[in-house]
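Please open the structure in your viewer and keep the selection tool at hand. The tour below goes from one place to the next and says what is there.

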Amino acid sequence: MRFSIALIAAYAAAAQAAVFTQKNYDDISISGGTAGNAQQEALSVFSALDMNDLANADPADVDFLKSVNSICNDAEVDAFNPAIEAASGEEADALQRGKIKNKVLKLQATILALMIQDAQGDDVADKMATETTKLNNNIQQDEDEAGNASTFLSFDATTD
């Protein structure tokens, strides 16, 4: 009987272990390549998350998702915005498409964190509605530019 209880306890602990580890912004960025598929690219960054068991997600994973939002926001303000202001023509357009893809990554991380919080009993409905509207807007902008080049910008930041 002791073996069975120990096995169940070990399984339960493993099931709730964090699935995300610290990452550099450049390693998770989806800003480069081409526009049009940002949502799928963002979801692939977070594919380790068990979407069928969000109620048991580790709090460290919520912290990771929130830190993705933070570093993507920093990249937008400190890298993309100045680069776009300094560029013109197609160079500026490609940077803008990269910025939109960065925003999709940022907002997808936020939505996933909110989904976990919701599954764990937090009332996040209003925030979820607001952030979903923003995400959908940026996904639409990305899809409107499908096939056009988007520019990757390196940024020195790390998730928590």
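Begin by selecting Thr158 and Asn24, whose side chains are joined by a polar contact of 3.1 Å (a pair of N or O atoms within 3.5 Å, where within protein one must be able to donate a hydrogen and the other to accept it, and residues adjacent in sequence count only if both atoms are side-chain atoms). This is a predicted model, in which local features need pLDDT of at least 70 and side-chain atom pairs count only at pLDDT 80 or more, while totals for chains, interfaces and linings use all residues. Residues are numbered from 1 along each chain as its sequence is written, and side-chain values use heavy atoms, with hydrogens and water left out.

Ile71 is 87 residues from Thr158 along the chain, yet their C-alpha atoms are separated by 7.1 Å.

Next, select helix 5 (residues 89–119) and helix 6 (residues 125–144), whose axes come within 9 Å and cross at roughly 150° (axes are lines fitted to C-alpha atoms, for helices over the stretch in contact, and angles run from 0 to 180 degrees between N-to-C directions; helices are DSSP runs of H or I with at least four residues, and strands are runs of E with at least two, numbered from the N terminus). Helix 5 and helix 6 are therefore roughly antiparallel to each other, a term for angles over 145 degrees.

Finally, show the side chains where these helices meet, including Ile100, Val104 and Leu107 in helix 5 and Met128, Leu135 and Ile139 in helix 6.

Conventions. Angles under 35 degrees count as roughly parallel, over 145 as roughly antiparallel, 65 to 115 as roughly perpendicular and the rest as oblique. Contact means heavy atoms within 4.5 Å.
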